[in-house]
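Welcome, and please take a moment to look over the structure below. We will walk through it together, from the whole chain to single residues.

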Amino acid sequence: MNSVRQENEVRVSTVEDYRPIDEVNKFLWADLVFFQFPIYWFQVPGKLKKYLDDVFMYNEFYGSSNHYGDGGMMGDTKYIVSTTWNAPEYAFNNSSEFFEGKNVDDVLFPLYCAFKYCGFKPLVPEKRALSFHDVVKNPNAKEYVNVMQKFINDNIVK
């Protein structure tokens, strides 16, 4: 993943310590935004939700439009989401399991709608999220890093 930093200017943010106007400026500067977070109680963490509430400002990220959802102002910016789950991968895409046949994208749909509302576009439309599963009970950090590196090599590093 160092190749991304070597070949691109990278700015990092955290939901622990930020100034909203500085974060707005980072988004306005960026052409790709990478969100990495754990899933808590089947949703984004509360601090990430607060960060989005504070930073995704009217007239910076979105505005009025005649058609609902067409007021996004971030149309030149792409995103990718990377999530960690304690849920095992087999719990998804199977109607007899916990998520009742839903996949990760189904669970993250409200987040994707927020991005779309602001005009963000997925970097890879058919793969909006990387998801890493069973990270507490059966972590496989080496495999997670390999998957992330392959995704970066295939889609970001030119």
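What follows is a short tour of the overall fold, a surface patch, the cysteines and some salt bridges.

Before we start, please keep in mind that this is a predicted model: local features need pLDDT of at least 70, side-chain atom pairs count only at pLDDT 80 or more, and totals for chains, interfaces and linings use all residues. Residues are numbered from 1 along each chain as its sequence is written, and side-chain values use heavy atoms, with hydrogens and water left out.

Let us begin with the chain as a whole. The protein chain has 6 helices and 4 strands, where helices (H or I, at least four residues) and strands (E, at least two) are DSSP runs numbered from the N terminus. Read from the N terminus on, the order of elements is α-α-β-α-β-α-α-β-β-α. The chain is as compact as a globular protein of 158 residues, because its radius of gyration of 16 Å is close to the 15 Å from the globule rule. That radius is taken over C-alpha atoms, and the rule is 2.2 Å times the number of residues to the power 0.38. Along the principal axes, the C-alpha atoms fill a box of roughly 45 × 40 × 30 Å.

How is the chain held together in terms of sequence? Among contacts between residues at least 6 apart in sequence, 69% join residues at least 24 apart; a contact means heavy atoms within 4.5 Å. Buried residues make up 35% of the 158 residues. Here, buried means under 20% relative accessible area, exposed means over 50%, and partly exposed lies in between (1.4 Å probe, protein chains only).

Y40, W41, F42 and F98 make a nonpolar surface patch of about 560 Å². Patches are made of residues with over 30% relative accessible area and no salt bridge, with like charges joined within 9 Å and nonpolar side chains (Val, Leu, Ile, Met, Phe, Trp, Tyr) within 5 Å. F98 sits in the loop between β2 (78-84) and α4 (104-107), and F98 is exposed at 54% relative accessible area.

How many disulfides does the structure hold? There are 0, a disulfide being a pair of cysteine sulfur atoms within 2.5 Å. For C113, the closest cysteine sulfur is that of C118, and at 11 Å it is too far for a bond. C113 is partly exposed, with a relative accessible area of 31%, whereas C118 is buried at 3%.

Salt bridges complete the tour. The whole structure has 7 of them, each a side-chain nitrogen of Lys or Arg within 4 Å of a carboxyl oxygen of Asp or Glu. One of them joins E9 and R11, at 3.1 Å from N to O; E9 is exposed at 53%, while R11 is partly exposed at 40%. In helix α3 (residues 46-55), K49 and D53 are 4 residues apart, or about one helical turn, and their closest N and O atoms are 2.7 Å apart in a salt bridge. Helix α6 (residues 141-155) holds D154 and K150, also separated by 4 residues and about one helical turn. Their salt bridge has its closest N and O atoms 2.5 Å apart, and K150 counts as exposed at 51% relative accessibility.

Methods: Accessible areas come from the Shrake-Rupley method with a 1.4 Å probe; for residues, only the protein chains shown count as cover.
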